[in-house]
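Please examine the model shown below.

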Amino acid sequence: MINYTELSKEISYALRHAPWEYELEMDEEGYVPVEQLLDALHKEEKWSNVSENDLVIMIQKSEKKRHEIFNGKIKAHYGHSIPMKIAKEEKVPPEVLYHGTARRFLNSIKEKGLLPKGRQYVHLSQDVETAHSVGMRHDRKPCILKIDAKLAWEDGIIFYYGNEKVWLADEIPSKYIMVDDI
Ligand code: HQG
């Protein structure tokens, strides 16, 4: 029986952080051939029977839309930390976006704005619930930041589409970030 959550974590690791460990050739959008990924996975005992159909099931079963298969290739929608910057689609953002973070990061965020830190882009959430679950990964009582995406976009900050819940930006200066009244 395949553990699809574990499979998804390993594939996220491969596609976001370490394609070279799996000998994957990645294009500028982050796609790799499904066959290459399967060949790499098959070298591990626990993934020796994984098929393309399992990857489809893994994507369907996941609450978050992390991966996409298209034309025999698979990519991660967001989260990358590899040196080659993944090209994302620029898009007009919703008027407001959210970011869930830890209380201990607040002073630094107020001073420097939101920075990508270990990843290629700052990750923003479409709704408060998503931001809350993102923030819970860093702090049991996370802070939800409200981003004036409309104003930022009008001022020339570029936003990129991750999936229907996740938006990306290169950075968000602190003047567009509100910490209170959520
Ligand atoms: C913080 C997961 C200090 C930032 C999630 C965050 C998301 C600063 C942390 C996706 C800062 C980076 C990404 C500054 C930002 N000073 N701290 N100036 N600017 N930070 O994990 O956004 O489940 O790299 O607030 O759900 O938490 O894996 O980013 O707390 O969608 O699919 O630096 O990853 O998706 O943490 O999460 P992360 P994130 P998956």
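## Lining of the largest pocket

Helix α1 (residues 4-17) contributes the most to the lining of the largest pocket, namely six residues. Helices (H or I, at least four residues) and strands (E, at least two) are DSSP runs numbered from the N terminus. The elements giving two or more residues to this lining are α1, α3, β4 (96-101), α4 (106-112), β5 (122-125) and α5 (128-136).

The volume of the largest pocket is about 1100 Å³, a volume being the space filled by probe spheres set on the grid points, which are joined across faces, edges and corners. A pocket is an open set of points on a 1 Å grid over the protein atoms alone where a 1.4 Å probe fits, with protein on both sides within 12 Å along at least five of seven lines; lining residues have an atom within 4 Å of a point. Of the 42 lining residues, K64, Y78, R119, V134 and R137 are the closest to the pocket centre. By class, the lining has 14 nonpolar, 16 polar and 12 charged residues (Ala, Val, Leu, Ile, Met, Phe, Trp, Tyr, Cys and Pro count as nonpolar, Asp, Glu, Lys and Arg as charged, and the others, Gly among them, as polar).

## Position between the domains

Because domain 1 (4-76) and domain 2 (96-180) both give residues to the lining, the largest pocket lies between them. The domain bounds come from an automatic or database assignment.

## Basis of the model

The model is predicted: local features need pLDDT of at least 70 and side-chain atom pairs pLDDT 80 or more, while totals for chains, interfaces and linings use all residues. Residues are numbered from 1 along each chain as its sequence is written, and side-chain values use heavy atoms, with hydrogens and water left out.

## Packing of α1 and α3

Helix α1 packs against helix α3 (residues 52-61) at an angle of about 100 degrees, which means that the two are roughly perpendicular (65 to 115 degrees).

Conventions
Axes are lines fitted to C-alpha atoms, for helices over the stretch in contact, and angles run from 0 to 180 degrees between N-to-C directions. Angles under 35 degrees count as roughly parallel, over 145 as roughly antiparallel, 65 to 115 as roughly perpendicular and the rest as oblique.
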